[in-house]
Amino acid sequence: MLDIETLGISSNAAIISIGAVKFNLGTFTIGDEFYQIADLKSSMDLGLEVDAETILWWMGQSEEAKAIFKGNSLDITAILYVFSDWLSVNSIVWGNGAVFDNVILSNAYKKANMTRPWGYKNDYCYRTIRSLYPEIEMKEIGVHHNALDDARNQANHLIEIFKVIAEKELK
Ligand SMILES: [Mg+2]
């Protein structure tokens, strides 16, 4: 499960953090976690975009979420290398929206002249599945809009949804 935080909502938005968690829908388990804060200037230097609406939106978020702007950041290109290394071969990458996390991260790889570490058939959308099971609520733990907390909550939510699907199939 991938969750990125950005300073824009275009497909070339500037990334400010990447959170991800490995999980298994066969065993319903959560695995390794990934979290890095990206240096905003390095994202903008790559040609990634900031928009005014998103900056204003961030100003209205909680102090805990905004702590990201004071955290230790790394050059975005360095983070892309580390993420490629972290991601398992043949991983399915789930994002929150068909055109958000996966597309924006893919475009960052493109701008950095790097190959993204997952195949085009492995782009999955958590938001679509979630919308099909509105009765199954997400248990939110941690800080809303912290990329790792969001990724972890979404992965756990998807596991809960798949448990329900598995139970229905058994009936
Ligand atoms: Mg998020």
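1. Let me start with E5, which is buried in this predicted model. Its relative accessible area is 6%, and since buried means under 20%, E5 falls within that class.

2. E5 also belongs to the metal site: the magnesium ion is coordinated by D3 (OD), E5 (OE) and D150 (OD), at 1.9 to 2.1 Å. If you look along the sequence, the donor residues follow the spacing D-x1-E-x144-D. D3 is buried too, with a relative accessible area of 5%.

3. Next, have a look at Q61, in the loop between α2 (52-59) and α3 (63-66). Q61 has a relative accessible area of 19%; because the cut-off for buried is under 20%, Q61 counts as buried. Setting aside neighbours within four places in sequence, Q61 is in contact with K66 and H145.

4. Which residues make the nonpolar surface patch? They are M44, V50, I55, L56 and M59, and the patch covers about 450 Å². Helix α2 supplies the largest share of this patch, three residues.

5. Finally, a word on M59, one of the patch residues. M59 is found in helix α2 and has 55% relative accessibility. Exposed means over 50%, so M59 is classed as exposed.

Conventions: Residues are numbered from 1 along each chain as its sequence is written. This is a predicted model: local features need pLDDT of at least 70, side-chain atom pairs count only at pLDDT 80 or more; totals for chains, interfaces and linings use all residues. Side-chain values use heavy atoms; hydrogens and water are left out. Helices (H or I, at least four residues) and strands (E, at least two) are DSSP runs, numbered from the N terminus. Buried means under 20% relative accessible area, exposed over 50%, partly exposed in between (1.4 Å probe, protein chains only). Contact means heavy atoms within 4.5 Å. Patches are made of residues with over 30% relative accessible area and no salt bridge: like charges are joined within 9 Å, nonpolar side chains (Val, Leu, Ile, Met, Phe, Trp, Tyr) within 5 Å. Accessible areas come from the Shrake-Rupley method with a 1.4 Å probe; for residues, only the protein chains shown count as cover. A salt bridge is a side-chain nitrogen of Lys or Arg within 4 Å of a carboxyl oxygen of Asp or Glu. Donors are N, O and S atoms within 2.8 Å of the metal (3.2 Å for Na, K and Ca); water is not among the atoms, so sites may look incomplete.
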